[in-house]
Amino acid sequence: MQVDPGAPPILSNVPGSFTWKVLHERHPAIIDQVAAAFPYPPHIRAALDRLRRDAVSGVVEPLPADAHDAADWTRWSAPYLGMSWYDVPFLWAENYFYRRLLDAIGYFRPGPWRGLDPFEPQKNAELADPALDADLAGLARIADLPPDEQLTAAVDAALWGNRADLATRLSDPEAEHRKHASDLVADDSAALHEILAPGTGGTVCLVADNAGRELLPDLALVDVLLHGGRADRVELHLKPLPYFVSDATGRDLLACLHRLAAHEASAPLAGRLRAALGDGRLELAVPGFYCTPLTYAELPGGLAARFRAAKLTVVKGDLHYRRLVGDRHWPAATPFEAVTEGFPGAVAALRTLKSEVLVGVPDAAARDAAGEQWRLNGTHGLIQVRR
Ligand SMILES: O=P(O)(O)OC[C@@]1(O)O[C@H](CO)[C@@H](O)[C@@H]1O
């Protein structure tokens with residue numbers, strides 16, 4: 001199938017649409033949550049109020065000229081300056097929002113609020129939930145399964161861990177409790193198992209998405225990869241900044257290790273992961289690219305080289321999927337191979353569907369007959385691989 005290079009980017013300018021609601025409802029709710037969680041001083045509250053107004057009805061403006069990344073954002077903003085947030089690509093507008101939020105709370109400025117993760121209270125609450133103990137025990141049991149079942153179980157846990165991120169739960173509290181569909185809308189797990197066969201070694205880049213309930217199973221997947229010789233080395237890619245509410249940073253990784261270590265059943269898993277970090281089989285990376293409005297078609301050279309050197313890059317979650325295939329109105333039957341052909345090396349996507357973009361699903365129209373919520377509510381997932 002010929003890929004239409006002109007597939008239009010997804011925008012947010014249809015009132016009532018999913019993307020419009022993210023800008024119009026989810027972003028103000030995030031600001032309110034952040035403002036309520038911290039005793040910020042008047043100048044930060046004023047900046048948050050201004051951002052709330054801009055997020056609902058403003059136009060794209062340059063970042064402050066003294067921002068450390070002003071030059072980058074000047075370049076990225078150039079095509080959109082003065083335009084309504086709703087008329088610029090949705091992917092771009094969301095990234096701009098999270099960057100503006102960090103600016104409003106003084107994340108980069110000298111002073112007492114510097115470096116404070118505005119989403120930490122929600123992340124901490126999720127990890128402190130005693131209900132998580134059952135999940136930890138389940139993750140710990142993966143290592144006891146027969147070797148050929150371990151990868152299936154770990155991939156399954158890592159995939160569905162993506163279902164109800166903290167940003168989604170904000171506007172869809174049911175997302176956490178809704179049962180997921182038993183079928184995947186695309187399932188290339190046979191190819192995944194082939195690439196990750198025991199004893200094949202090599203490096204795997206695992207591009208993580210959310211902290212807490214998603215990062216914990218991702219860590220179980222790392223353990224399976226290293227333990228069965230499915231990889232000699234894993235690079236776990238995290239966000240350099242708190243972003244998209246629950247996105248995992250290095251600090252979140254440490255918190256997850258701590259949580260695993262504190263539970264009797266999962267303590268050995270924590271021990272193996274710590275050992276792998278200590279001897280370099282597990283390496284952490286926080287490329288700045290993950291907090292930009294760019295897509296994987298615009299990868300910086302250094303990161304592209306890391307992916308090229310790996311035998312496989314596994315990209316987790318909805319947002320990474322949007323960056324990977326391009327956040328566009330592709331016909332859903334467009335082959336995944338076609339839209340990822342520029343990716344440096346083999347790539348796998350593990351994603352639950354929480355936004356409109358979709359490729360590699362020829363029967364999407366038939367599924368739509370029952371309504372389009374399956375594309376948005378996290379009940380459906382996919383495993384797509386391009387070698
Ligand atoms: O990348 P993730 O955590 O799986 O999902 C990110 C997300 O919650 O944020 C966007 C809307 O704000 C959508 O891409 C998706 O719904």
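1. Leaving aside its neighbours within four places in sequence, which residues is A67 in contact with? They are W73, D103 and F108, where contact means that the C-beta atoms of two residues, placed from the backbone, lie within 7 Å. A67 itself is placed in the loop between helix 2 (42–57) and helix 3 (70–77). Helices here are DSSP runs of H or I with at least four residues, strands are runs of E with at least two, and both are numbered from the N terminus.

2. A note on the basis: this is a predicted model, in which local features need pLDDT of at least 70, side-chain atom pairs count only at pLDDT 80 or more, and totals for chains, interfaces and linings use all residues. Residues are numbered from 1 along each chain as its sequence is written.

3. A67 counts as partly exposed because it has 17 C-beta neighbours inside 10 Å. The cut-offs are 20 or more other C-beta atoms within 10 Å of a residue's own for buried, 12 or fewer for exposed, and partly exposed in between, with C-beta atoms placed from the backbone. G115 is 48 residues from A67 along the chain, and their C-alpha atoms are separated by 14 Å.

4. The chain is divided into domain 1 (18–118) and domain 2 (121–386), with bounds from an automatic or database domain assignment. Their C-alpha centres lie 26 Å apart. The contact between them takes 18 residues from domain 1 and 17 residues from domain 2. On the domain 1 side, helix 1 (18–37) and helix 4 (90–104) each supply at least two residues. That side divides into 13 nonpolar, one polar and four charged residues. Nonpolar covers Ala, Val, Leu, Ile, Met, Phe, Trp, Tyr, Cys and Pro; charged covers Asp, Glu, Lys and Arg; the others, Gly among them, are polar.

5. Around the ligand there are 15 residues, of which D165, G317, D318, L319 and K354 come nearest; a residue is near if its C-beta atom, placed from the backbone, lies within 6 Å of the molecule. Helix 8 (166–171) and helix 14 (317–325) are the elements giving two or more residues to this shell. Helix 14 gives the most, with four residues. By class, the shell has four nonpolar, five polar and six charged residues.

6. Strand 2 (residues 203–207) has four of its five residues buried. Five bridges join strand 2 to strand 3 (residues 233–237), and the two run parallel; pairing requires at least two bridges found by DSSP. V204 stands opposite V234 in strand 3.
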